[in-house]
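Subject: A structure for you to look at

Hi,

Here is the structure I promised to pass on.

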There are 2 protein chains.
Amino acid sequence: MIRQRIRQPALADKVMSATQAAAFFKNGMTIGMSGFTRAGDAKAMPRALAERARTEELRFTVITGASLGNGSDGLMAEAGLLARRLPFQVDPTLRNRINAGEVMFIDQHLSETAEQLRSGTPSRIDIAVIEAVAISEDGIIPTMSVGNSASFVQQAQQIIIELNLSVPLALEGLHDIYLPAARPERQPIPLTRADQRIGGAAIPFDPARIAAIVITETPDSPSNILPPDDETRAIAGHVIKFLECEVEAGRLSHDLAPLQAGIGTIANAVLHGLTDSPFRNLTMYSEVLQDSAIELLDSGQLAFASASSITLSSAMNQRFLANLDKYRDKLVLRPQEISNHPELVRRLGIIGLNTALEFDIYGNVNSTHVGGTHMMNGIGGSGDFARNGQLSIFVSKSVAKDGRISSVVPMVSHVDHSEHDVDVLVTEWGLADLRGLAPRERAPLVIEHCTHPDYRPQLRDYFERASRAGGHTPHLLGEALSWHAHYAQRKTMRMD
Amino acid sequence: MIRQRIRQPALADKVMSATQAAAFFKNGMTIGMSGFTRAGDAKAMPRALAERARTEELRFTVITGASLGNGSDGLMAEAGLLARRLPFQVDPTLRNRINAGEVMFIDQHLSETAEQLRSGTPSRIDIAVIEAVAISEDGIIPTMSVGNSASFVQQAQQIIIELNLSVPLALEGLHDIYLPAARPERQPIPLTRADQRIGGAAIPFDPARIAAIVITETPDSPSNILPPDDETRAIAGHVIKFLECEVEAGRLSHDLAPLQAGIGTIANAVLHGLTDSPFRNLTMYSEVLQDSAIELLDSGQLAFASASSITLSSAMNQRFLANLDKYRDKLVLRPQEISNHPELVRRLGIIGLNTALEFDIYGNVNSTHVGGTHMMNGIGGSGDFARNGQLSIFVSKSVAKDGRISSVVPMVSHVDHSEHDVDVLVTEWGLADLRGLAPRERAPLVIEHCTHPDYRPQLRDYFERASRAGGHTPHLLGEALSWHAHYAQRKTMRMD
C-alpha cells in the first residue's frame, strides 16, 4: 500500500510521526504550507507545531496558497505560532488576532506570492509542508489543491510531505505543474486555452531535501457555502440576462469566455444559476471550483474547468471522488500563479465574478475591510482577475444585518478595486453596467438599479448635493464616510 | 517630395484641406485620434472641427492614445465638440469642463482602451485621424508616438491621415507595430526582451478607407517639464540608493530590470539622477520617453529604450531629430497596448516609477483626484505597471502649496492604487519600503521616512489613536478625511 504512495524507495525511511517531524522547525522560520480554500492543506503538522508551542517559544511566518481547513489557522493563531501570515485566511480566531494587531497579516494578490518568493521578498522558505497523494518517480503528486506548493518545494531548504491516505490515488494526473522561469530568461507561458496542459503531473523535488514523510488520513474540511436563496437566485438571474445581452450584441460568443468565480455563497449561486441558462460548451479558468462547477460539468454545460483548488461540500466531494474517471478529462489543477496569472487572464479574456463587501456609487469596491478597518478574509485573487480580465463583475446582496447595513454607500471605507477595474455591479435588485461611463453617469445607475429601495432616497440626496459641489467624482468629504460612522454609533445606516 | 511621403500613387488624389476633410464628420461620431503625451497628435483636424462647431451642433466621443499637444483638447472643449473623452488628458480648459460635469471623461488604464475597442465597448471608431511621417507601400508610418493609432486604423470606417512634413522621414523604421489577435485565437505575445522587435514598421490599412490626406507642418508641442530641483534630486537619491541595496541583496541584477517612468517632472528627475548612478546597461520599457531617457542614452548608461511616445523639450527634440541615426538602434516605439501590456509587464519584471498626488500611511495612492473630487489628468498607465510589475515605486514631494498641503495623509481622498499594488513610497525626506509588511508596520515607516516634519506629529497622533481603536488597518472614519476638509475650509492641512 505505502509502496504505491512512496515510489522512491530511498525515501521510505523518512516516514515518521508529526511530532518527530515538528522537531525540524526552529523559532523564526518561514514556512510554506500547502492548502487553498480548505483543500489540500497539511493536516498533521499545524497540530503538532501548536502542541510544541505549548512548551516553548515558536513563532513563524506562515505562507500558504490561500485559506486552510481543519481549523489549522485558528489552532496556530491560538498557540501564538503565527508572527506573520500571508496571503489569505478565513479563520475567525486568526481574524480576531489580525484585527487586534497581534498577527501581522499581509493581504496579497494570489498571483503575486510565488513571484515575490522567487525574488526573495520578503524572505525565503525554510520548510515546505506539502500534502500529497503520492511521491512518484517524477515528483510530489498534490491532493485537492496546488496553490503555491510547487514554488514552496522549489525554494525550501527542507520539505515535509504529508501523505494523505484518505485521498484516492486516482487523483494522479489531474494536476498540471508549470512554473515560469526566473527572469530574465522567462519565456511566454504557452497556454492559449483553458483546457490545455503545459507542464507535468508532479512537482519535481530534490530528494535530499525531504526531511520527513508524515502519514495522515484526515479528509479536507467540507466547504461551508450556503444553498442558493431568493436573493442569490435574483443576482444569478441578472448576471445571466446581462451575459445573454452581451452575446446578442456580438460582444461575447455563445460559449462566452472562460469564467472565474470567487469563493463563497453568492458566486457559487450565480454559477449554479447557469444550469438554467441557455449557455453551452462553457469553460472555467478560475482559482477555485465549488459544488456549482461539478454540477455544471454534470449537466454538460461546462466543457472544461481549470483551477488551483477544488473545495466541495461533503456530499459533492464523495460523488466527485467516486466518479473521478468521469471528470478526469474535464478538469485540471494548476499552481495559483498560473490560474491567476495576468498574462493568461488578459490573453484568455476571463469573465471575472467576485463578491464585494460593499461598493460605492462610483464603482469602487471594498472586498476586505468591515467598517474600513477590520479584515474579513483578504483580497484573494479578485484583483488578478478584475484588473486584467475582459469583464469584471462584482456581486453583493444589497443589505446586510437585517437591512441595517447598506452594501451600496456614498464612498467605500476601503478600496480594493478602484472604479478603473469594475465593469458591472449586481445586487438582487438589479445590475449596473458601468462600462464607458463617467462617474456622474455611473451614480444614478448604481443608485436606481442596485441599491435597496430603503437606501435610495439617502443616496440620491447625497449624490445631488455632492454634484452641486462639483468635480469629476462629486463627493462631500465631510459626509462621505458618515454612513459607516452612523452604523458604528447607532447600529444602522438609516439616517431617519 | 510628396511622392516620398505618399508611396501609394492611388492615394495622391485624397489630398485636401483640413476644412474639406472636416466635412466627413457627423454629429455623434466616435473619433480615434493619434497622440500620446504631446507627441504625434493630429494638429490640423481638431482646429478645423472646432471651426465647424462654431456654426453647427457637432459633438463627439474622442478617444486618443493619451494627452494631446497644441492646445487641441482645450480648443475642442471650448468649441463644445467633446461629449465624451477618453482615456487621458492634461489640458486646463478640458479639465475645468470635466470637473464641471460638462464633458464625460472616462479615466482608463492605458493598456485597456485598445482591448475594449476590439470587443466593441463602448462604441466602434467611425473616423480615425492619424498623424504620419509617410504612407509607405506597407502602411502608415506614425510620427513621435504610436499610442492607439494602430487599433484606430484597424477599426475605423474612414481614415484621415495628417501627413506632417516637419517630421523627418528618417523616423521610418523606429516603430514596431504588433497588435494581439482577437480572442479566442490570441497567441502569446512573443516579446521577451525590451529591445526586441515583433512587428512591422508601418500600420497596415485598407486604402479604400482613406477619406482624406491633410498636409501639415506644425511640430509637436515641446514638453513642459521643470528642471530638477533640490527636492526632486533628493527623491532621485533615495530611489537610486534603494536600487543599489536591492542589487547588493541579490534581488536585482546590476543592470536592474526594465524601467518604466511616468510622465512629469519628478519621474524625469529620478531618471536624470541615474546619470550619476553606478548602473550600466540599463533598459527602459515604458509608455513615454522624456528628456532624461535621451540623456541616459547619450551617457551610455541606457542601452535600449522601448516606449509608445517620445515627448521632449524643444532643445532636446532638435538634438534628437538631428542625430536620429545615433538613436535608431537603441529605440523602439510600440502601440500602447504593447508598451503597457500586463503580459509583458509581468514577464519582463518592470520596475515602475510613478507620481502620486497623495498617499496615505498604509500605502494607498491617489494619482488623479485633487481633494477627492476634482480630476487632475488621469491614471494613465500607472495601474498597468503598478499592478503587474516587479517593483512599484511611487514618488511625490512631501508637501504642496507652500507646505499647506501634506502629500501624506491619514487616508487618501481617492484610491487609484491600493495598498496591494504599492511597494515603495518616496519623498524628498526618505523612502518607505512597504514590501512584506502589514498595515500597522507600514504606517510608522511612512510617517517617519516620508512625511514632512511639520506633519509628523499630527500623523503620529492619528495613527496612535486609530491603533487603539483596533483593526487590521486602523482608522478613525470620522477623522480619516478631515485633513482635506480642513484644507478646503482654512487653506491648510495644519491643525494647530
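Let's start with a pair of helices in chain A. Helix α9 (residues 265-273) of chain A packs against helix α10 (residues 291-299) of chain A, with an angle of about 10° and axes 8 Å apart. An angle under 35 degrees counts as roughly parallel, so α9(A) and α10(A) are roughly parallel to each other. On the α9(A) side the contact is made by A:Asn268, A:Leu271 and A:His272, and on the α10(A) side by A:Asp291, A:Ser292, A:Glu295 and A:Leu296. Sorted by class, the residues of this contact are two nonpolar, three polar and two charged.

Before you go further, keep in mind that this is a predicted model.

The axes of helix α8 (residues 230-248) of chain B and helix α9 (residues 265-273) of chain B come within 8 Å and cross at roughly 60°. Those two, α8(B) and α9(B), are therefore oblique to each other, and α8(B) passes α9(B) in a right-handed crossing. Which residues of α8(B) and α9(B) meet? From α8(B) there are B:Thr232, B:Ile235, B:Ala236, B:Val239 and B:Ile240, and they meet B:Ile266, B:Ala269, B:Val270 and B:Gly273 in α9(B). By class, that contact has seven nonpolar, two polar and no charged residues.

The other pair in chain B is helix α16 (residues 439-450) and helix α17 (residues 456-469), packed at an angle of about 170° with their axes 10 Å apart. That angle makes α16(B) roughly antiparallel to α17(B). Here B:Arg440, B:Ala443, B:Pro444, B:Ile447 and B:Glu448 of α16(B) meet B:Arg456, B:Leu459, B:Arg460, B:Phe463 and B:Ser467 of α17(B). The contact of α16(B) with α17(B) has five nonpolar, one polar and four charged residues.

Next, a few backbone details. The peptide bond from A:Arg183 to A:Pro184 is cis, with omega near 5°. You'll find A:Pro184 in the loop between β7 (158-164) and β8 (210-216) of chain A. In chain B, a cis peptide bond joins B:Arg183 and B:Pro184, with omega about 5°, and B:Pro184 lies in the loop between β7 (158-164) and β8 (210-216) of that chain. Also have a look at A:Asn281: its phi is near 60°, a positive value in a residue other than glycine. A:Asn281 is in the loop between α9 and β10 (282-285) of chain A.

Residues 318-462 of chain A are 32% helix and 25% strand, with end C-alpha atoms 51 Å apart.

Finally, how do the chains fit together? A rotation of 180°, with 0.0 Å of shift along its axis, superposes chain A on chain B with an RMSD of 0.0 Å. The two copies are thus related as by a two-fold rotation axis. In chain A, the C-alpha nearest that axis belongs to A:Glu343, 1.9 Å from it. As for the interface, 100% of the interface residues of chain A are also interface residues in chain B, so the copies meet through the same surface.

Cheers

Technical notes
Residues numbered from 1 in each chain as written. Chains lettered and ligands numbered in written order. Predicted model: local features only at pLDDT ≥ 70, side-chain atom pairs only at ≥ 80, totals over all residues. Heavy atoms only, no water. Least-squares fit on C-alpha atoms with pLDDT ≥ 70 in both. Contact = heavy atoms within 4.5 Å. Helix = DSSP H or I, 4+ residues; strand = E, 2+ residues; numbered from the N terminus. Axes fitted to C-alpha atoms, helices over the stretch in contact; angles between N-to-C directions. Parallel < 35°, antiparallel > 145°, perpendicular 65-115°, else oblique. Left-handed = near helix turned anticlockwise from the far one by under 90°. Nonpolar A, V, L, I, M, F, W, Y, C, P; charged D, E, K, R; others polar.
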